[in-house]
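Good morning, and thank you for coming. I ask you to look at the structure on the screen while I speak.

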Amino acid sequence: MNATRRGILTAVPIIGAGVLGVGFWRMLSDMRSGAFDPRAIKNPNVGKPIPSFAMPGLPGLGDGFTDAELKAQHRPVLVNFFASWCIPCVAEMPGLRAISRNMPIWGIAYEDKPENAAGFVQRDGSPYARVASDRHGRVAIDWGVTGVPESFLVAPGGRIIWHGSAALDPQIYEAEIRPRLAGL
């Protein structure tokens, strides 16, 4: 009986490592073929109303905004979570400025010091029509944000119709956002 127990205790970790190895190999194969996108995070809030919130603005950049102000918009708004300490957010800014020529973008500084976020936004020209500060990340949690940058397309009335979990650029706008705008 002791030999059987020893055999089971030896086999379980070996089988577990084999299953993990097969899963990892499959993920790498899918990445190579383009079938797996590690940035494709499914946000459970897509299709639902935006959460309730009220956030202060950043120094020198206005008063922030609330969910009621966002819901009252008569055209879609792109809501972008960013941070001054986020390298992809820095790379995203030229693309956001280009997108902002086509639609309003409202920015939310995620877990950032207000003075750092304000400096970051003002440094090269702000793409944001409105900017708010989520200093402690509580609003981001309600939106389902997993990291920055992340963006949400909000339809008039306040329903989330698209979510992106990577830095935006004009190509993503044309491929993923513009078709949804046409459907409104």
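Predicted model: local features only at pLDDT ≥ 70, side-chain atom pairs only at ≥ 80, totals over all residues.

The chain is divided into domain 1, residues 1–37, and domain 2, residues 67–182. Between the centres of domain 1 and domain 2, taken over C-alpha atoms, there are 40 Å.

Let us turn to helix α3, residues 87–99. With 13 residues at 1.5 Å a residue, α3 should span 18 Å, and its end C-alpha atoms are 19 Å apart, which agrees.

How many salt bridges does a search of the whole structure find? It finds 4, and I shall describe three of them.

In the pair D67 and K71, the closest N and O atoms are 3.6 Å apart. Both residues lie in helix α2, 4 residues apart, about one turn of the helix. D67 counts as buried because its relative accessibility is 13%, under the 20% limit. K71, at 31%, counts as partly exposed.

E69 and R130 meet at 3.2 Å, N to O. This pair links distant parts of the chain, with E69 in helix α2 and R130 in strand β5, 61 residues apart.

Finally, R178 and E174 form a salt bridge at 2.9 Å, N to O. Both lie in helix α6, 4 residues apart. In an α-helix there are 3.6 residues a turn, so residues three or four places apart point the same way.

Note on methods
Residues numbered from 1 in each chain as written. Heavy atoms only, no water. Helix = DSSP H or I, 4+ residues; strand = E, 2+ residues; numbered from the N terminus. Expected span 1.5 Å × (residues − 1). Domains from an automatic or database assignment. Salt bridge = Lys/Arg side-chain N within 4 Å of Asp/Glu carboxyl O. Buried < 20%, exposed > 50% of the residue type's maximum accessible area, 1.4 Å probe, protein only.
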